[in-house]
Amino acid sequence: MDLGRVKDDVKLDLCRKYYLGGFAFLPFLWFINSVWFFKDAFIKESYDQQKQIKTYVIRSMIGTAIWVAVISTWVTVFQLYRADWGETADRMSFIIPKGIV
C-alpha cells in the first residue's frame with residue numbers, strides 16, 4: 001500500500017483500526033501498524049494528525065513487544081516442561097503420533 005497517496009484523515013483512521021484490531025488477539029496487526037506508519041509518525045514533517053498517529057504507533061510497538069515476550073516465554077516453558085507434562089503436552093503440540101499416520 002502506498003501511504004503517500006492517502007489523505008492524512010484516512011491514514012489516521014486506518015492506523016486507529018489496525019491498533020484496535022490488535023486487541024482482537026491479532027498482534028500481527030500491531031506489528032504492521034508500526035511498520036507502515038513509522039515514517040508518518042516520526043520522520044515526516046509535522047501535520048495535524050501526526051500526534052495521534054504517533055500515539056497509535058508507539059502503543060502498537062509496545063503491544064508487539066509484549067506479545068513477542070509472551071509467545072517466546074510460552075514456547076520456552078513448553079519446550080522445557082513438555083516431557084514432564086506427558087500426554088497433556090502431546091495434545092497441545094503439533095506432533096502427530098506414529099500410530100495415526
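In which helix does Thr73 lie? Thr73 lies in helix H3, and we will come back to this residue at the end of our tour. Please keep in mind that the structure above is a predicted model.

## Overall build

Let's start with the whole chain. There are four helices and zero strands, so from the N terminus on the elements simply read α-α-α-α. Buried residues account for 29% of the 101 residues.

The accessible surface of the chain is about 7600 Å², and carbon and sulfur atoms hold 64% of that area. If you take the contacts between residues at least 6 apart in sequence, 42% of them link residues at least 24 apart.

Helix H1 covers residues 8-21. How far apart are the end C-alpha atoms of this helix? They are 20 Å apart, which agrees with the 20 Å that 14 residues should span at 1.5 Å a residue.

Several residues of H1 are buried: Lys11, Leu12, Leu14, Cys15, Tyr19 and Gly21. The buried residues of this helix pack against two others, helix H2 (27-43) and helix H3 (50-85).

## The nonpolar core

How many residues make up the largest nonpolar core? It has 13 residues, and those with the most contacts inside it are Leu3, Cys15, Phe37, Ile53, Tyr56 and Val57. H1, H2 and H3 are the elements that give two or more residues to this core. The largest share, four residues, comes from H1.

Besides being buried in H1, Cys15 is in contact with Asn33, Phe37, Ile53, Tyr56 and Val57, once its neighbours within four places in sequence are set aside.

## The annotated transmembrane regions

An unreviewed UniProt entry carries the annotation "transmembrane region" for residues 18-38 and 58-81. What do these spans look like in the model?

For residues 18-38, the end C-alpha atoms lie 13 Å apart, and the span is 76% helix and 0% strand. For residues 58-81, the end C-alpha atoms lie 35 Å apart, and the span is 100% helix and 0% strand.

## Back to Thr73

Is Thr73 buried, partly exposed or exposed? Thr73 is partly exposed because its relative accessible area is 47%, a value between the 20% limit for buried and the 50% limit for exposed. The side chain of Thr73 also reaches the backbone oxygen of Ala69, at 2.7 Å.

Technical notes: Residues are numbered from 1 along each chain as its sequence is written. This is a predicted model: local features need pLDDT of at least 70, side-chain atom pairs count only at pLDDT 80 or more; totals for chains, interfaces and linings use all residues. Side-chain values use heavy atoms; hydrogens and water are left out. Buried means under 20% relative accessible area, exposed over 50%, partly exposed in between (1.4 Å probe, protein chains only). Contact means heavy atoms within 4.5 Å. Accessible areas come from the Shrake-Rupley method with a 1.4 Å probe; for residues, only the protein chains shown count as cover. The expected span of a helix is 1.5 Å times one less than its number of residues. UniProt positions are given in the numbering used here, feature names are shortened, and annotations may be inferred rather than shown by experiment. A nonpolar core is a set of buried Ala, Val, Leu, Ile, Met, Phe, Trp, Tyr and Cys residues joined through side-chain atoms within 4.5 Å. A polar contact is a pair of N or O atoms within 3.5 Å; within protein, one must be able to donate a hydrogen and the other to accept it, and residues adjacent in sequence count only if both atoms are side-chain atoms.
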